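Thanks for coming, everyone. Let me put the model on the screen, and then we will walk through it.

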Amino acid sequence: MSAILTLNAGSSSIKFSVYLRGEGDGGGEPEEVAVGQIDGLGPEAKLILKHDGTKAVTDLGQADHKAGLKAILDAIQPILGDNAVTGVGHRVVHGGTGHLAPAVLNDEILTELAGLEPLAPLHQPHNLAGIRAAMEAFPDAIQVGCFDTAFHRSHPFVNDTYALPRKFFEEGVRRYGFHGLSYDYVSGYVEETYPDLQDARVVIAHLGNGASMCCVKGRRSIASSMGFSAVDGLPMGTRTGQIDPSVILYLMDNHGMASKDISDLIYKKSGLLGMSGISNDMRTLLESDAESAKEAVDYFVARVKREIGALAAMGGGIDALVFTGGIGENAWQIRERVCEGLEFLGVTIDAGANQTRGTESIGTGPVKVLVVQTDEERVIARAVASHLG
Ligand code: ADP
């Protein structure tokens, strides 16, 4: 057996999964044997490792990406035994216009990806720090980058552009769309599991702390609610979602806000947190009696509904609506409220099935309504396995 490690490196965390696969003849589907994450990179890092039904937490103290990876390597060694890590897969937020598929990483591609940092300044530098650390820690393994933007490169021009002078489009000011690994997994799962949904028009709602939606047709992305950055579209835990650009101008002119202040406001202080003034966590808001919590949830639901209508129109109809992500998979109240009043689209659900954890198919009308657990790490592991051959 050989091992594959998947990494998702953020500013203060590294999420990882460990997979084993057989030798020869493609090696078969990678089998997940451990998952974990390092939180609090910086002065108070800690490593959480889940394996074989157990969970271990280790305080690491001061740790950067490099020290974090070393800690991961030490922690998974007993699980790996004699199975060497032959491939490391990385979640990379931005692949620009050039990357339509996972790519084997080398110095040249890393330089190109570093050139995309202005397009995703809050994520790309940390993804690349994780890759560089992994290249040092696993010099003999292939390193594969899997891009959140790649799945959306199939957008037709009208869903890839803004109505700006053409030179900005050429320069890269486009609607990239994100959460591509999740949409890749979910659309593949839906087609494999439901033969009647081959080539179907599927609207997928990835509702987590980050949230977006996508219209997929025959496993190709037609349109996404996210655009140039991961702040567009739906309101999220702390991000505004769609906002009139004139609001930004107003804030600059009347509140003296500079780019950094506005970035903080629209990425970190808005969304469910900003509206409620209570929390970015949907569970907390659903349990709260505060009017502001209710209003934040109302706004979230309204924007998801609006996006379903828009994406159904882009697909020329809708055959299936899929909920995924932490909120989509777990918050039955949100699914119920989103589907309320969508009978005109053929979307109706069984209230009992919707409230029963683990029930996948909850629709009662012509549109299949599904609750699917996403698995972005598996998409990465499969990409690494396919490059290993
Ligand atoms: P991320 O975008 O960070 O991956 P997740 O997909 O893990 O986020 O989703 C986190 C969100 O899911 C949080 O808002 C959390 O409150 C919500 N969530 C998780 N479980 C439940 C639940 N049982 N009911 C309601 N919301 C939930």
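Start with the ligand shell. Its residues divide into three nonpolar, seven polar and three charged. The classes are simple: Ala, Val, Leu, Ile, Met, Phe, Trp, Tyr, Cys and Pro count as nonpolar, Asp, Glu, Lys and Arg as charged, and the others, Gly among them, as polar.

Before going on, the ground rules. This is a predicted model, so local features need pLDDT of at least 70 and side-chain atom pairs count only at pLDDT 80 or more, while totals for chains, interfaces and linings use all residues. Residues are numbered from 1 along each chain as its sequence is written, and side-chain values use heavy atoms, with hydrogens and water left out.

Back to the ligand. Which residues come nearest? Of the 13 around it, they are Asn 209, Gly 210, Asp 281, Met 282 and Gly 326. A residue is near if one of its heavy atoms lies within 4 Å of the molecule.

Which elements give two or more residues to this shell? They are α9, residues 282-287, and α11, residues 325-330. The largest share, four residues, comes from α11. Helices here are DSSP runs of H or I with at least four residues, strands are runs of E with at least two, and both are numbered from the N terminus.

Now the polar pairs. A polar contact is a pair of N or O atoms within 3.5 Å. Within protein, one atom must be able to donate a hydrogen and the other to accept it, and residues adjacent in sequence count only if both atoms are side-chain atoms. Asp 281 places a polar side-chain atom 2.4 Å from a ligand oxygen. Met 282 uses a backbone N or O atom, 3.0 Å from an oxygen of the ligand. Asn 330 has a polar side-chain atom 3.4 Å from a ligand nitrogen. As for cover, the ligand on its own has 580 Å² of accessible area, and the protein covers 70% of that. Those areas come from the Shrake-Rupley method with a 1.4 Å probe; for residues, only the protein chains shown count as cover.

Next, Arg 91. An unreviewed UniProt entry lists Arg 91 under "binding site". UniProt positions follow the numbering used here, feature names are shortened, and annotations may be inferred rather than shown by experiment. Arg 91 sits in strand β6, residues 85-92.

Is Arg 91 buried or exposed? Arg 91 counts as buried because its relative accessibility is 15%. The cut-offs: buried is under 20% relative accessible area, exposed is over 50%, partly exposed is in between, using a 1.4 Å probe and protein chains only.

Leaving aside neighbours within four places in sequence, the contacts of Arg 91 include Asn 127, Asp 148, His 179 and Glu 376. Contact means heavy atoms within 4.5 Å. With Asp 148 there is a side-chain to side-chain polar contact of 2.7 Å.

Follow that list to Asn 127. This residue lies in helix α3, residues 124-137. Asn 127 is buried, at 6% relative accessible area. Its side chain reaches the backbone oxygen of Ala 9 at 2.7 Å. Beyond four places in sequence, Asn 127 touches Ala 9, Arg 91, Val 92 and Val 93.

On to His 152. The loop between β8 (142-147) and α4 (166-171) holds it. How accessible is His 152? At 0% relative accessibility, His 152 counts as buried. Among the residues that His 152 touches, not counting those up to four places away, are Tyr 176, Phe 178, Tyr 183 and Cys 214.

Then Lys 217, in strand β10, residues 211-217. Lys 217 is partly exposed, with a relative accessible area of 38%. Its side chain reaches the backbone oxygen of Gly 315 at 3.4 Å.

Last, two backbone angles to check. Asp 52 has a phi near 55 degrees, a positive value in a residue other than glycine. Asp 52 is in the loop between β4 (42-51) and β5 (54-63), and it is exposed at 70%. Arg 219 has a positive phi too, near 65 degrees. Arg 219 lies in the loop between β10 and β11 (220-224) and is partly exposed, at 32%.

That is the tour. Over to you.
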